[in-house]
Amino acid sequence: MIDKDEQLLRQFFSEAAHQQVEDDGFTRRVMQRLETERKLQASGIWLHTITRLWTVFCVSAFVILFVVFRGWELLAVHLEVMLRTMAAQSFSINLMMLFSVVFGLLFVGTGEIISSETTRK
């Protein structure tokens, strides 16, 4: 009985294996889409790696410049000046320090925006 059932199943599936179902190119389109998605995912990983390396580079450059120009001393002086002149409502701004902070925020922020846009897709 079991041998007869197995024989019938094999016969059924062997006949079905030789049939062609017309799908109007659907299978080909799906396979192309899967390949395209795989390539896009691989390029997304590459872009993610580049943005992370850019972030590391910018932070490293900021730390090096901070140490070279003794940023802690500049911050301490500016904090002291700010606290002493707060009653008079006048603040002095060091343009070099302002530009370095804006530079750091701009480039690190740009890298993070690119990273978030590439991971969203």
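**Salt bridges in a predicted model**

Arg-52 is partly exposed, its relative accessible area being 37%. This residue belongs to a predicted model, and the structure holds three salt bridges. Side chains of opposite charge can pair when their charged atoms come close. The legends below describe each pair in turn.

**Figure 1. Arg-52 and Glu-112 form a salt bridge.** The closest N and O atoms of Arg-52 and Glu-112 are 3.1 Å apart. This pair links distant parts of the chain, for Arg-52 lies in helix H2 (residues 26-68) and Glu-112 in helix H4 (residues 95-120). The two residues are 60 residues apart. Glu-112 counts as partly exposed, with a relative accessibility of 32%.

Figure 2. Arg-10 counts as exposed because its relative accessibility is 61%, and the cut-off for exposed is over 50%. Glu-6, in contrast, is partly exposed, with a relative accessible area of 36%.

**Figure 3. The side chains of Glu-73 and Arg-70 meet in a salt bridge.** The N to O distance for Glu-73 and Arg-70 is 4.0 Å. Glu-73 has a relative accessibility of 39% and therefore counts as partly exposed. Arg-70 also counts as partly exposed, at 47% relative accessibility.

Notes:
Residues are numbered from 1 along each chain as its sequence is written. This is a predicted model: local features need pLDDT of at least 70, side-chain atom pairs count only at pLDDT 80 or more; totals for chains, interfaces and linings use all residues. Side-chain values use heavy atoms; hydrogens and water are left out. Buried means under 20% relative accessible area, exposed over 50%, partly exposed in between (1.4 Å probe, protein chains only). Helices (H or I, at least four residues) and strands (E, at least two) are DSSP runs, numbered from the N terminus.
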